[in-house]
Amino acid sequence: YQYMLDPKVAKMVSKELESETILVFDEAHNIDSVCIEALSVTINDRGLEQATRSLGRLSSEVSRLKASDSQRLQQEYQNLVNGLIDQGLLDAPANDSALASNVLNPDVLSEAVPGNIRRAEHFIGFMKKVVEHLKARLRSVAGPNGGVRSETPLAFLHRMTNGTSLEAKPLRFAYSRLSSLLRTLQVSNLDDFNALTDVAE
């Protein structure tokens, strides 16, 4: 039942179910721990340093690709929007002919992913701010007056948006945006980007 409870996978899996489907979970006493695991991520100093190195590598790759094949980067956003529609994370345009021709309405394109992460270099800058904020948070917890801090997701988000001047909406798209960029850059060793993927999640 992990596939039904993990938000990244659930929308794709649930599309295959009839509207009047009843799901029965075996071992249902484990559901709370599965939900916590699906919605949790462990981030440490080492992972954040690796994420910083990965962002530097991405930045170099984007610059290289812009010089050699800028059309591929322009096509990337179109592919990202199509992927979000396929995953059910974004509503498809009402016009069937737009889908049939694989061309999306410019209004859909402009609303799908916020403008401050639409271009690859802007997305990388956005993620650098997120990583730096997380590093600062870890330092404050590990400092002389540090210790365990507990806060709600909303409080964490509020503190981050206030501390970084970043908008909250792009965070929703960070994982899909990173995946799209890695595919466009044709990164061969995705394991090198695991720490950055954890941050984007």
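What share of the contacts in the protein chain with a separation of 6 or more comes from residues 24 or more positions apart? Such residues account for 72% of those contacts. Please keep in mind that this is a predicted model. The protein chain has 11 helices and 0 strands, and 31% of its 201 residues count as buried.

**Confidence**

- The mean pLDDT of the protein chain is 78, and 77% of its residues reach 70 or more.
- Confidence is highest in helix α11 (residues 194–200), at a mean of 92, and lowest in helix α6 (residues 96–100), where the mean is 41.
- Over residues 95–111 the pLDDT is below 50; even so, this stretch has 22 contacts in the model beyond near neighbours in sequence.
- Where pLDDT is low, the predicted coordinates should not be read in detail.

**Overall make-up**

- Read from the N terminus on, the elements of the protein chain run α-α-α-α-α-α-α-α-α-α-α.

**Helix α4 against helix α10**

- Helix α4 (residues 45–68) packs on helix α10 (residues 169–184) at an angle of about 50 degrees, and their axes lie 11 Å apart.
- With that angle, α4 and α10 are oblique to each other.
- The crossing in which α4 passes α10 is left-handed.
- On the α4 side, the contact is made by Leu58, Val62 and Leu65; α10 brings in Leu178, Leu181, Leu182 and Thr184.
- Sorted by class, this contact of α4 with α10 has 6 nonpolar residues, 1 polar residue and no charged ones.

**Helix α8 against helix α10**

- α8 and α10 pack at an angle of about 125 degrees, with 11 Å between their axes.
- How does that angle class the pair? It makes α8 oblique to α10, because angles from 65 to 115 degrees count as roughly perpendicular and those over 145 as roughly antiparallel.
- α8 passes α10 in a left-handed crossing.
- From α8, the residues that meet α10 are Ala120, Phe123, Ile124, Phe126, Met127 and Val130.
- Their counterparts in α10 are Pro170, Leu171, Ala174, Arg177, Leu178 and Leu181.
- By class, the contact of α8 with α10 has 11 nonpolar residues, no polar ones and 1 charged residue.
- Leu178 and Leu181 of α10 meet α8, and these two residues also take part in the contact with α4.

- α8 and helix α9 (residues 153–164) pack at an angle of about 115 degrees, and their axes are 10 Å apart.
- That angle makes α8 roughly perpendicular to α9.
- α8 passes α9 in a right-handed crossing.
- Lys129, Val130, His133, Leu134 and Arg137 in α8 meet Phe156, Arg159, Met160 and Thr164 in α9.
- The contact of α8 with α9 has 4 nonpolar, 2 polar and 3 charged residues.
- Val130 of α8 meets α9 and is also among the α8 residues that meet α10.
- His133 lies in helix α8 (residues 120–142). Is His133 buried or exposed? With a relative accessibility of 10%, His133 counts as buried.
- Setting aside neighbours within four places in sequence, His133 is in contact with Arg159, Met160 and Thr164.

**Residues in the loops**

- Most residues other than glycine have a negative phi.
- Ser165 has a positive phi of about 65 degrees although it is not a glycine. Ser165 lies in the loop between α9 and α10, and at 66% relative accessibility Ser165 counts as exposed.
- Gln186, not a glycine either, has a positive phi of about 55 degrees. Gln186 is found in the loop between α10 and α11 and, with 59% relative accessibility, counts as exposed.
- Leu190 has its place in the loop between α10 and α11. At 45% relative accessibility, Leu190 counts as partly exposed.
- How far is the C-alpha atom of Leu190 from that of Ser179? The two atoms are separated by 9.7 Å, with the residues 11 apart along the chain.

Terms used: Residues are numbered from 1 along each chain as its sequence is written. This is a predicted model: local features need pLDDT of at least 70, side-chain atom pairs count only at pLDDT 80 or more; totals for chains, interfaces and linings use all residues. Side-chain values use heavy atoms; hydrogens and water are left out. Axes are lines fitted to C-alpha atoms, for helices over the stretch in contact, and angles run from 0 to 180 degrees between N-to-C directions. Helices (H or I, at least four residues) and strands (E, at least two) are DSSP runs, numbered from the N terminus. Angles under 35 degrees count as roughly parallel, over 145 as roughly antiparallel, 65 to 115 as roughly perpendicular and the rest as oblique. A crossing is left-handed if the near helix is turned anticlockwise from the far one by less than a right angle, and right-handed if clockwise. Contact means heavy atoms within 4.5 Å. Ala, Val, Leu, Ile, Met, Phe, Trp, Tyr, Cys and Pro count as nonpolar, Asp, Glu, Lys and Arg as charged, and the others, Gly among them, as polar. pLDDT is the predictor's confidence in each residue, from 0 to 100. Buried means under 20% relative accessible area, exposed over 50%, partly exposed in between (1.4 Å probe, protein chains only).
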